[in-house]
Amino acid sequence: MAETVTCAACGAEVVLEDPILLATCACGAEVRSRRHPREAGSDTEIDLYKVLGIDRGATEAEIRDAYRRRARETHPDVGGDAAEFQAVQAAYETLSDPSRRRSYDRTGRTGDRRRGPSGNVPDVVGMSPVEASRTLLTAGYVPRLMLRPVSGSSPLANRVIGQQPGPGAGLPPGAPVAIVVAVAEAGALWARVRELTRDFAQGVLDGFAAATSRSGRTRRIELDAGDTSRDRGRAVGAVAGSVTVGAVRTAGCLVRTVVWLAVTAAITVASFVIGLFRPALGIAVFVIAIVVLTLLVTRGYRLQRERWRSGDWV
Ligand SMILES: [Zn+2]
């Protein structure tokens, strides 16, 4: 059953397909179902015998037969109502268990500890999945998660946008309530990360090659990080390349060169990962780490020269 709601912001009509109760209009405003929850005052417990269509004196066999008949009639696969089907399930669960049935006959309650005060499904639309689950459990219902992908930038991401049965529906405790959670499309996010990583890596290789090439005597380090991932990669690669050249020249032995290279690679990877989420911070981390590394290299070079001069070079 679809519902047409008029957007309060722009007046456009938005169609909400069951079980969706919250959506965004093309103008960006949130549109909510106008189907109001039933008044909270109606504190009537549902009669489980009526749900199954039997009388109070029904035998266990009659209960089982009635359950099978009602389940067939209400099953959503044959066009039945999902809420009614769940009510039939829950009624059978109580009445088919002799001790639970006795307790129900005596008290008129199902004896489910998690039972809520009203027997009506709470309105969880718009909540976070955690909040919605907690609210449903407190009211005595079992949340069932349904996921619906939305674009990563949607304000609905990670919120409940629908529920089945809807808010205010009468439902025996212990019955499942499906909540539809909007999830940001992971596929789109990862495709973007892959794309950025590829561009950045290509940039690093370009910059590194330019900085370490033997052809040009003068190496120009371009720290001018452009807008694209590849530009940033090139700047990082250029700095990493020139530090490497310095390290190779001063380290004097293979082990130290390998250590310098590993440290440079680690700094590059770490600053890239940070830069994916906070580009400015990523560049800052990279520059600071490289400056520290360069100072260490230079200091090593100076110490070596002093040893040479004082003659205790071994
Ligand atoms: Zn609108």
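Q: Which residue in strand 7 is the bridge partner of Gln163?
A: The partner is Ile179 in strand 7, where strands are DSSP runs of E with at least two residues and helices are runs of H or I with at least four, numbered from the N terminus. Keep in mind that this is a predicted model, in which local features need pLDDT of at least 70 and side-chain atom pairs count only at pLDDT 80 or more, while totals for chains, interfaces and linings use all residues. Residues are numbered from 1 along each chain as its sequence is written.

Q: And in what sense do strand 6 and strand 7 pair?
A: Strand 6 and strand 7 pair in the antiparallel sense, over 5 bridges; two strands are said to pair if DSSP finds at least two bridges between them.

Q: What's the strand order of the open sheet?
A: The order of its 3 strands is 5-7-6, with mixed pairing. Strand 5 and strand 6 are the edge strands, each pairing on one side only, and the twist from one strand to the next averages 30°.

Q: Where does helix 5 lie?
A: Helix 5 lies across strand 5, strand 6 and strand 7, and runs at about 155° to strand 5, with axes being lines fitted to C-alpha atoms (for helices over the stretch in contact) and angles running from 0 to 180 degrees between N-to-C directions.

Q: Which residues of helix 5 are buried?
A: In helix 5, residues 129–138, the buried ones are Ala132, Ser133, Thr135 and Leu136, where buried means that 20 or more other C-beta atoms lie within 10 Å of the residue's own, exposed means 12 or fewer, and partly exposed is in between, with C-beta atoms placed from the backbone. They sit on the same side of helix 5 because they cover an arc of only 165° around the axis, taken from the directions from the helix axis to the C-beta atoms. On the other side, Val130 and Thr138 are exposed.

Q: Switching topic, why does Val204 count as buried?
A: Val204 counts as buried because it has 25 C-beta neighbours inside 10 Å. Val204 is found in helix 6, residues 186–212, and, leaving aside neighbours within four places in sequence, its contacts are Gly233, Val236, Gly237, Ala240 and Thr268, a contact being two C-beta atoms, placed from the backbone, within 7 Å.

Q: How far is Val204 from Val239?
A: Their C-alpha atoms are separated by 9.4 Å, although the two residues are 35 residues apart along the chain.
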